Amino acid sequence: MYEPVIGLEVHLHLKTRSKMFCSCAAEYFGDAPNTHTCPICLGLPGVLPTINRQAVEYGIMFALALNCRVAEWTQFHRKNYYYPDLPKNYQISQYDRPLGTNGWIEVGGERVRIKRVHLEEDAGKSTHPAGADYSLIDLNRTGAPLIEMVTEPDLTSPEQARRFLNHIRSIAQTLGISDANPEEGKMRADVNVSVRPKGQELGTKVEIKNLNSFRSVQRALEYEIKRQTRILKGGGAVKPATLGWDEAAGRTYLMRTKEAEADYRYFPEPDLPPLRITREWLEQVRARMPELPARKMARYIQAGVRPYDAEILAYSPSLSAFFDRALETGVEAQKLANWLNADVAGYLNERGLEIHQTGLTPEHLARLVRLVEAGTITGRVAKQLLPEVMEGADPERLVEERGLKAVTDETALRTLVEEVIAANPQAVASIRSGKLQAINALLGQVMRKTRGTAPPEVVRRLLAQALEVDA
Ligand SMILES: [Zn+2]
């Protein structure tokens with residue numbers, strides 16, 4: 001048996017007004033190329049960078065949210081390398097004194113350790129137009145503030161990696177420090193993966209880059225784990241490398257063999273003094289942090305929600321905000337969670353919407369749940385009404401206007417049951433001969449006649465009584 005060992009490196013774009021070390025706007029998405037630059041982010045000779053205080057505070061918040069130890073003093077280093085979209089020839093990053101170290105978060109009850117969290121600046125963007133013999137360079141992103149977060153190799157499956165990223169996105173969005181959407185490149189993940197015979201020494205790892213969605217991360221990992229397992233089973237050796245992911249073809253490809261750390265010639269940034277983070281400052285920042293998803297999840301479990309549902313809700317900023325408001329109506333928490341995570345989630349996924357983009361209000365959903373719980377309407381009717389309720393309709397009004405209250409008058413139901421029995425002699429014969437599941441066809445017919453307003457368990461009982469069978 002072989003098992004994968006996975007580590008992640010995540011970059012998050014910070015939602016500050018200005019860039020990491022200059023006053024250019026940090027928000028450039030969709031703007032004309034090279035319109036957000038200045039001598040500092042262009043790296044012209046003689047300029048001096050200054051540290052963005054907001055970026056540091058966002059970094060502290062993120063490190064605290066990941067249960068990291070925040071350094072009392074930290075420092076920026078130059079990481080030297082040449083890329084056409086990095087005009088300075090170095091990136092200001094952090095090296096042996098990162099902002100945060102030794103953290104962890106829990107994913108599905110398992111702890112994933114966070115090795116480090118540090119601040120750095122982004123490089124620009126190169127575009128290679130298809131068929132052209134030139135490349136285009138946009139330096140709007142150059143110098144944009146980034147958080148880099150690195151995990152220990154604690155992840156054990158592609159699915160867990162995807163959930164981990166979802167948690168990180170949720171934490172960043174809850175803190176309001178980053179939009180963290182991979183579509184706009186505001187959250188990027190690189191993965192390290194190796195495969196080993198179960199329980200043995202770590203195998204040779206490869207790094208996969210250019211993963212622009214959580215789904216790509218999961219697919220690339222699944223592909224790479226299969227590839228490495230095949231090599232190992234065949235008696236071969238995995239070569240260390242940096243791979244890219246071809247989303248369309250669904251496979252990894254070789255980008256380059258890996259640089260060693262020494263190639264970057266790290267040294268302390270001479271233009272920036274070490275940064276002291278006093279404990280007073282740290283506590284001021286901590287006091288401004290909102291309730292984090294892990295705390296929300298614990299609160300939901302306390303309110304009676306199953307851990308599985310509590311995790312889904314707590315780690316979705318939009319669903320948890322909705323859930324919290326709906327809970328205030330006093331409706332049973334698990335019942336509400338069932339609706340949100342099943343029927344409402346299905347509706348949203350189908351249409352690619354977030355809950356706040358629909359007309360659904362917490363009050364209406366709570367009312368719908370209550371109508372079912374009180375036996376006023378059947379679950380079937382509630383499901384039929386959901387699309388309209390999602391568009392803003394009041395469920396109580398719909399029930400009233402259309403006469404959809406559950407039929408509780410058994411005499412009326414018994415008449416319908418007898419009609420259906422009389423009209424289906426064949427089905428009746430097979431039920432009487434022992435094929436009891438044929439009763440479902442009759443049940444369906446009665447339900448249709450009542451437009452779903454009959455409680456199915458009552459109809460089933462009445463059918464069984466009329467046919468004199470046990471069902
Ligand atoms: Zn600038």
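User: What lies 2.7 Å from a polar atom of the side chain of Ser-178?

Analyst: In this predicted model, the atom at that distance from the Ser-178 side chain is the backbone oxygen of His-13. The side chain of Ser-178 also reaches the backbone nitrogen of Ala-180, at 2.9 Å. Ser-178 itself is placed in the loop between α2 (158-175) and β11 (187-197).

User: Why is Ser-178 called buried?

Analyst: Ser-178 has a relative accessible area of 2%, and the word buried applies under 20%, so Ser-178 is buried. If its neighbours within four places in sequence are left aside, the residues in contact with Ser-178 are Leu-12, His-13, Lys-15, Ala-172, Gln-173 and Lys-186.

User: How do you know that the length of helix α12 agrees with its number of residues?

Analyst: Helix α12 runs over residues 410-423, and at 1.5 Å a residue its 14 residues should span 20 Å; the C-alpha atoms at its ends are 20 Å apart, so the two values agree.

User: Which residues of α12 are buried, and what puts them on the same side of the helix?

Analyst: The buried residues of α12 are Leu-413, Leu-416, Val-417, Val-420 and Ile-421. They cover an arc of only 140° around the axis, and therefore they lie on the same side of α12. These buried residues pack against α13 (425-432), α14 (439-449) and α15 (456-467), whereas Thr-411, Ala-422 and Ala-423 are exposed on the other side of α12.

User: What caps the N-terminal end of α12?

Analyst: The cap is Asp-409, which has a side-chain oxygen 3.0 Å from the backbone nitrogen of Thr-411.

User: How many aromatic pairs does the structure hold, and what makes the pair of Tyr-95 and Tyr-266 stacked?

Analyst: The structure holds seven aromatic pairs. In the one formed by Tyr-95 and Tyr-266, the rings are 4.0 Å apart centre to centre, with 10° between the planes; planes under 30 degrees apart count as stacked, so this pair is stacked. The pair links distant parts of the chain, 171 residues apart, with Tyr-95 in the loop between β5 (90-93) and β6 (100-107) and Tyr-266 in the loop between β14 (251-256) and β15 (267-268).

User: Why does Tyr-95 count as partly exposed?

Analyst: The relative accessibility of Tyr-95 is 27%, and partly exposed covers values between the 20% limit for buried and the 50% limit for exposed, so Tyr-95 counts as partly exposed. Tyr-266, at 22% relative accessibility, is likewise counted as partly exposed.

User: Why is the pair of Tyr-300 and Phe-323 called edge-to-face?

Analyst: The ring centres of Tyr-300 and Phe-323 are 4.7 Å apart and their planes stand at 80°; an angle over 60 degrees counts as edge-to-face, so that is the name for this pair. Tyr-300 lies in helix α5 (residues 293-302) and Phe-323 in helix α7 (residues 317-327), so the pair ties together parts 23 residues apart in sequence. Tyr-300 is buried, with a relative accessible area of 1%, and Phe-323 is buried as well, at 0%.

User: Where is Ile-277 found, and how do you know whether Ile-277 is buried or exposed?

Analyst: Ile-277 is found in the loop between β16 (275-276) and α4 (279-287). Its relative accessible area is 1%, which is under the 20% cut-off, so Ile-277 is buried. The C-alpha atoms of Ile-277 and Trp-73 are separated by 5.6 Å, although these residues are 204 residues apart along the chain.

Definitions and conventions:
Residues are numbered from 1 along each chain as its sequence is written. This is a predicted model: local features need pLDDT of at least 70, side-chain atom pairs count only at pLDDT 80 or more; totals for chains, interfaces and linings use all residues. Side-chain values use heavy atoms; hydrogens and water are left out. Helices (H or I, at least four residues) and strands (E, at least two) are DSSP runs, numbered from the N terminus. Buried means under 20% relative accessible area, exposed over 50%, partly exposed in between (1.4 Å probe, protein chains only). A polar contact is a pair of N or O atoms within 3.5 Å; within protein, one must be able to donate a hydrogen and the other to accept it, and residues adjacent in sequence count only if both atoms are side-chain atoms. Contact means heavy atoms within 4.5 Å. The expected span of a helix is 1.5 Å times one less than its number of residues. The arc is that of the directions from the helix axis to the C-beta atoms. Rings of Phe, Tyr and Trp (its six-membered ring) pair if their centres lie within 6.5 Å; planes under 30 degrees apart count as stacked, over 60 as edge-to-face and the rest as tilted.
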